[in-house]
Every structure is written in structure tokens, then in C-alpha cells.
Amino acid sequence: MKKHLLLVKYAEVHLKGQNRPFFQRLLLRNIRDAVKPFGGKAQLHDSRIFVSGYHDEEACARRISRVFGVHAVSPAVQMDKNDFKKICQTAVEMTRDVRGSFKVAARRSDKSYPMESPEICIEVGAYVLQHNPGLQVDVHRPEHVLQVEIRDDALIYVKSIQGVGGLPVGSSGKAMLLLSGGIDSPVAGYRVAKRGVELSAVYYHSFPYTGEQVKDKVIALGRILTDYCGPINLYIVSFTEIQQAIHEKCPDDFTTLIMRRCMTRIAGILAQKERALALITGESIGQVASQTLEAIACTDSVVNQPVLRPLIGSDKLEIIREAERIGTYETSCLPYEDCCTVFTPRHPVIHPKLKQADYAEKPLLESGLLIDMLDRAVNSADLIRIYPDAEETRSVK
Amino acid sequence: MNTLIYLDNAATTRPCDAALAAVNTSLMEAYFNPSASYTQGLHARKSLDACRTLIRSALKAHSVLFTSGGTEANNLAILGSMAGRHKRGKVLYLSVEHSAVAATCQSLAKTHDVRAIPVDGQGLINLDAAREMMDEDTALICVMQVNNEVGSVQPLQEVIRLRDERCPDAFLHVDGVQGFLRLPVSLCSGIDSYALSAHKVHGIKGCGALALAERMKLKPQLFGGGQEGGLRAGTENTAGVAALEAAIRDYPQENSLYLLKNRLKSGLLSLIPEATVNGPDADSTQSCGHILNMSFPPVRAQTMLNALEARGVLVSQGSACSSGSPKPSRTLQAMGLHKERMDSALRFSLGRFTTSQEIDTAVDLVWECYQELKQFTRR
């Protein structure tokens, strides 16, 4: 009786005390969702998660490694602990393509087992060494560790895929990501989701200045994120009316700042709708004029929710590297023309004061224009629920 | 959304009914391999040859071989002819050539002296410069029949005269993708190879042809079963060729597109005085009947294109093969257009199914979009 399964070890969840069951349950739920397309089933056992019944081990393991909260995934074999010869043979099979130095680490929670841990290490190690000339023993700094665990059954594994770490999504509430289609915002969403935060997102569509292709690109970026953090509600807000009004009525050098304030206000309203507790942006200090500390202060003053800026201290190159690693970079770089430059002032204000920003915005406040426009933008927004599987994108409104 | 007004026929055309019927018959009843030795295979070979003969006589070519499209035909003509030459001759191509020609010529730059012949402000070949550049080292000259972005018709007879005078041994390759069937051309006159594409003339995608004059010698660029006289390996696209033959036979003799194009041009110019035509005067014979390129400053082309699409009018920005990338059009740049005119340039391209009613509606809708968008410009 030999059974192939995936052993999932979790990261920080281990450190949790009395709350640990709560985190474990969420992680188990997220892993179950992740392995469903592979036909896999996940179970919690002895503080660890086991996945079995999948049809593509490698792909399934890679998928699990992208679930936040997972420290590592190991393909393992579970078998009868009483046939020690078989255990040794299985160890040889599992290390067949392994080369370099190794050691055996044994753990025996079944104290009635006739062999003690050091004995298991020595016996299995000797057998493997005898059958695989490509291996040498190094008990201090081995390249590979062959794990043999004796519990109700024997569990043997050697390889392990590094997981993304973090906390299970859903364990830290929800936040609203301002997703633009650029390089930064998907990375910002990734970082916050990694701390267990569920994401909703909002994209501001300025048709005809930005085309349908850009909308598709943003949906594609959202879909890449869902791979890590599960389904996302994406609001597509028509922003043209507001942009045109700002262009017409407000002083040139303040238009970008006022635009950011309007975007933030809408995100704040949508966040309330979604019961999201914070906003997330991809801003980094000084990257552009609207990302100076003064400009950030002016933007933050229009909402009550905290605005999370996980990239605030990152350089562009660091952000690009991270985008490449999580797989959003290529999509972010798709070269669709963004004609919103029409609305970009040649000399935006760099060190705005809050009073100046409020004053520059005044023409929009006359006869309730801004409130009306914000209402219209929120009420006419399209909502798309994005799933990891491309085919399941559907409009829920 | 309103009914669709398709004005992007230079990108691709809707297959005509005759072509669709031919594809159907070919796939359902005549799907046999033309190289097979049984009767059905022989019939398949005969229908390929029927289309070959049709094109050969239409173009007065020595031979015709089928390819996967215009790009492959251009590649084969350029790379195949240069591979057959022992000496490292000069390669000249018109600066406004389609990428299928320009990029192929550029790929030879490591081993050959590759140069672009400049054009004038209308997108027409600068004959003086061409004369200067042609010398006895010249091995290949590529000049397109009709430019795909502004519709300029190149003076091929003049080019042939220059070639005969300056470098009679040089091959002249003509990209006829936009000109085939729309303008008369004959390989007897001194053109050595001529590339065409089926889907630009209401055939289907994945099929094209290269017509050759007798003196043009090619080395194959694809190896395999030795089809197409050993010049283009791969089982022939019988359905595509059947559609091409049907599309050629069905193509209207009378060319009424000039009238429609002028209707579009004068309609737009009368409503939008700020608009300008890029390329040769639309009334002149230096301009083809189906492509009209116009700028609508200060509205950016992509914005206008999006707004028109929302109203059901499909046009393109420069060349569809390179749009999707915000790079400025190579053709408009070579013509020396001012940046604002380049940024706001739209290409309208007409086809045999375009109606005068569609043109009138399109004019109104372009005007509507322009009125709406021109108020918002970068300050």
C-alpha cells in the first residue's frame, strides 16, 4: 500500500497561538480552492495539510506553492510503516535522480515503533547510499534531506518547492486596490494580500482616451493576482466625465492631484460598499509629482480609510524585479496607448499645500457637481468577479 | 451599438460569398493532397494550377507559387533571390515599405549594404535619390506598388526605367499586397517578382502568392517535400487557393472606390476644416482608390479610433500590423509629417462592400467625435 501525496507545510501560521485553528481553517479552504482544478483533495492532519487525488503532481504542487500561508510543498509517499525493507526501497526510488550530498532525518512520533530515530537514519541512509552512487553523506551541511516520518504510517519525502509564505488570504480582512494597468499597483496588491488581506480592486476607465485593450489588460492583471489570492471583485469605473470637468474647471498644475483625490474618493465609497477596511495604492515616494509627501497628504485627506502603500520605500527597479517574479510584469508592459496624457499638465505642482488643493478643487464643488459626478461614477460602475480560470470571468451586475 | 461600418479593408477584407463557397467545396469535397497520385489528388493539383494560370495570365508572369500570405511571399522573394547571388550586392528598399519587406531587407544588413530610398512628402519615391543610390553593385530593389498607410501609388515604370539605366542586373521586387486587382500591373514590363495576399482581396487568411519573371532565380527558404517546384515546401493550402481564385474571378471590374473615397474626403474636409489629407491628392492617379489617410489635430488618433469604434465605425491608426504599439508610423515619419499630424492620423480603407450610405454616416460620426474631443487638448 503506497500512496502519493503532497505535504504542505505552512509558514507563519505555525507561530500563532490560540488563533491557530482560525488560520489553519482559512489556509485549508484556500488550498482546497487552489487544487480543485487538479482534482486534488486537501485534509488537515496532525497540524499539517495533505493533498491527494490530483492528476498532475508537478503542476498541482506549483499551484499550492503560490497560496499565501504556504511555506513549502513536498511530494511525499505514504506507506505501511511495518515493512522497513519497503521503506528503504521507496527511499531509493525517491532519490533516484538526486545527486550530491544528503542526509536522512527521521522523526518517530509513534514511540512503540521498534526502531529509534537514529537507527532509522543509519539504516535508510546506508541502503540509499548503497543503491545510488551519485550521493555522498554529509550530516552537517547536506544539499538534500531525505525525511522519514513514522506516525500512523510511514511518510517519506525529499524534494520541496518553496512556497510564497505570508498569511492565508481572508485572515486579515479586505482592502480595495487601485489597479491601473501599470507595473506598480499589481505588486502593491500582491504585497498586501500576502499578509492575509482579501483584495477588491477598482480601475478607472477613461474611454475614449483609454481603449478596451487597456481594460482587458487590467482584467488580465487581476487574473494573475487571483492565482495567489483567490477571486477578486474588480470595479470598472467610467472616469471620463470627471476628468473632463477637472480639465475644464481647475487650474492646470493641480489637475493631476485633483484627479488622484477623485479616484481616492471613489475607491473610498466602493470600499465601504465592499466592506473593505483600507485602500491600497502602488505609490512610491517621489516617483512622480503626485507621489511626493505633500501630494500624498492632500490625497489622503479626502478619505477616512487608511491608505496602504506597500511600495512607498521601494525603488522602481526593485518593483520591476518583484513584478517579474510574481508574473505581472509582462502584462503590465503591454504597449497600449494611453491617451490620458491629454489631461496631464506639463508642469504639475510638486509641493502642494492642502489649502491650495482644496481651493483649486472649489469650481467642482459648485452646485454639487462633484458629488453628482462621483455618484454617477460609482453607480454606473461595472463589477466583474475575476477567477483564476480565464473562462470564469463574469459580470455580476 | 449601431450597425458596423467597416473601413479597415487595408488590414483585411470580408471574404466574398464566392470565396466562402469555394472554401466549403474545397474542404468538404476536394480536400485531397495535391501530391497524391490517385485521381482525387490529381484534381486537387489541377485546381491549384487553374488559380496559378489565372494569376499568371493576369500578371503576365512566367511562374506563380503559392505561399502562406503576403509576408511569406515578400520574404521568399527577398531572401530567396539574395541567397542565389554570389556577390554581396546592395539592397535598396523604399523607406515606406511594409515591415514584411523592410524588416526582411534589414535582416540582410550584416552581409549586404542595405539602404532605404527616401520618399517625398506625399509618400512617393524620391526618384532623384533613387537614381543616386542605384549603381552597378545594386542587387535588389524593393518598391511597393501601393503604400498600405497613405495609399500612394509608386511610379513603377519610372523605377523600372531607372533600374534598366543604372543597374539592369538588379532584381526589382514589388510588394503588390495593396495593389493587386485594384491597379493594373504586368511583370513583362520589367518587374522580377510580385507578392500578393488573398485576404486583402476578399479571399481568406493564410494564402498568398509570389509571381516571378523568367529571369528571377530563387533559392528555397523552406525545405521539405519539394512542393511548388521545390521553392516552397509544405502541402499546399488548397482551400485558401480555391478561395483566392474565386475572389479574383468575382472581383468587380469597375473600380468605383475612387468615387467613394472622394466622397469621404470631401465630406470630412467640408465639415472639419482643421483636417488634412496625408499622402497624394486623393483625386490624382498617384493615390489608390481604397486608402485615405487623414489627420484630425489636435485629437489623438487612438482616442478618435476608440470613440469611432463605440459608434460602430472601425478604422485604423496608420498600419494595423504595427498598431497596438504606440510607436509613430514609419511611413508618416518618412514623409516628414509634423508630430501633431502624425499623432492624429487615421487610415480609412474601403472595400468592395463599402456603400455610399456608410460613407455618409461615417463622415457624420467622425465629425461628431471630433467636435466632442477637440475641446480637450493638452495645455
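Q: How many salt bridges does the structure hold over all chains?
A: Side chains of opposite charge can pair when their charged atoms come close. A salt bridge here is a side-chain nitrogen of Lys or Arg within 4 Å of a carboxyl oxygen of Asp or Glu. This is a predicted model, where local features need pLDDT of at least 70 and side-chain atom pairs count only at pLDDT 80 or more, while totals for chains, interfaces and linings use all residues. Over all chains, the number of salt bridges is 45.

Q: How many residues apart in sequence are the parts tied together by A:Arg265 and A:Glu361?
A: The side chains of A:Arg265 and A:Glu361 meet in a salt bridge, 2.7 Å from N to O. A:Arg265 lies in helix α8 and A:Glu361 in helix α12 of chain A, so the pair ties together parts whose separation in sequence is 96 residues. Helices are DSSP runs (H or I, at least four residues), numbered from the N terminus, and residues are numbered from 1 along each chain.

Q: Are A:Arg265 and A:Glu361 buried or exposed?
A: Buried means under 20% relative accessible area, exposed over 50%, and partly exposed in between (1.4 Å probe, protein chains only). Both A:Arg265 and A:Glu361 are buried.

Q: Which residue forms a salt bridge with B:Glu165?
A: B:Glu165 lies in helix α6 of chain B, and its partner lies in helix α5 of chain B. The closest N and O atoms are 2.7 Å apart, and the partner is B:Arg131.

How values were computed:
Chains lettered and ligands numbered in written order. Heavy atoms only, no water. Helix = DSSP H or I, 4+ residues; strand = E, 2+ residues; numbered from the N terminus.
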